[in-house]
Amino acid sequence: MAAFTEGAPCWVDASLPDVEAGKRFYGDLFGWTFVGRGGEELPGGGTRSRYADAYSGDKLVAALVPKRDGRMPTVWSVYFATPDAVALSRRIREAGGQMIMDPLPVGKAGVVAVAADPGGAVFGLWQAGDQPGFEKMGVPGTFCWTEVYTRDKDTADDFYESVFGFQGTDLPGAPVDFRMWSPAGTEPGERTAVGGRTLLTDAFPAEMPGHFLVYFCVEDCDWTAETVVRLGGRVQAPPFDIPYGRIAVLTDNQGAAFAVLSEPSAPGQPADQRADRPAEQATGRPADQPPDQERGGEQKPEEREAKGEAKGEAEGRQKPREDDDADEGGDAEDTPRTQES
């Protein structure tokens, strides 16, 4: 598997109060199955926290990790790829950001770090070793996009474009100022964008800090929103159409916010029969998962946003990336990248 380009999102995980409850929720919602990790003794005493790798079919797509401190937020986090976490950490500080956790090796898997931009938005860094990150993305039940919400667009643009070398493309005519970011060395624009920047307007609570929103691809946005409610979650922004499909902003049953996007099908073509991606069930169950396999159960190792404002900010946005397979990482002890070969 090729390495991710620097600055490309390469991993997501959810920090939850109850990982077992999270497995049931996301297993039912996305058809994920899970492999438990951790629990072993650590050098110097103590044990590694238990967490769960999430699989779509047989591909690693995310992780659920336990919150080690109840004061920390329940949140989905995104990690950006880098070939040198130490050098990137230095650039983050020089650009006005801060390091929440300095680069930390995690066995042969790689090096992880956690940072915050000048507006307080927290994100992770991942320097790949044996574990590059996503094994699949851009298809139903997997990551497809992320964007940072900020109150100071100029500071945010300067920060990310200097730290990662992003090239920005502003969307003319969008109801809310929105910028797409493409990696250094690419032709900036919709087809190369790996993430975006939008604004925290007055519609959001004044105390809300900058933050990232993680998107997952789904076959049916409306079904997904209804299922979130059935599973005990909430709908923050009901499903609505944008030029590239239909999206909704949701919260799981423990309070972690995320968004989903379903793409429009060609006229007369069912969504689950698009030729450019594997067939998936409308329920989110991967096509290669047997109907009787327990979703949200343990897989054997061998086998926030205001409703109206969220809609306005998304209108006219670019289409999240689609890759059948990723080509291109929180606590280091609790990330799936801590798997040691």
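Start with phenylalanine 164. Its relative accessibility is 5%, so this residue counts as buried, the cut-off being under 20%. Phenylalanine 166 is buried too, with a relative accessible area of 7%. Phenylalanine 164 and phenylalanine 166 form an aromatic pair. The pair is stacked, with 5.1 Å from centre to centre and 25° between the planes.

Keep in mind that this is a predicted model.

Now the whole chain. We have 341 residues, and 55% of them count as buried. The accessible surface comes to about 14,000 Å². Carbon and sulfur atoms hold 48% of that surface. The chain has 5 helices and 16 strands.

Back to the rings. How many aromatic pairs does the count come to? The count is 29. One of them joins tyrosine 26 and tryptophan 76. This pair is edge-to-face. The centres are 5.4 Å apart, and the planes stand at 90°.

What does that pair tie together? Tyrosine 26 lies in helix α1, residues 19-30. Tryptophan 76 lies in strand β5, residues 75-81. So the pair ties together parts that are 50 residues apart in sequence. Are tyrosine 26 and tryptophan 76 buried or exposed? Both are buried.

These two residues also belong to one aromatic cluster. Its members are Phe25, Tyr26, Phe30, Trp32, Phe34, Trp76, Phe216 and Phe258. Find Tyr26 and Trp76 on the screen, then look for the other cluster members, including Phe216 and Phe258.

Methods:
Residues numbered from 1 in each chain as written. Predicted model: local features only at pLDDT ≥ 70, side-chain atom pairs only at ≥ 80, totals over all residues. Heavy atoms only, no water. Phe/Tyr/Trp six-rings, centres within 6.5 Å; stacked < 30°, edge-to-face > 60°. Helix = DSSP H or I, 4+ residues; strand = E, 2+ residues; numbered from the N terminus. Buried < 20%, exposed > 50% of the residue type's maximum accessible area, 1.4 Å probe, protein only. Areas by Shrake-Rupley, 256 points an atom, 1.4 Å probe, with all protein chains shown as cover.
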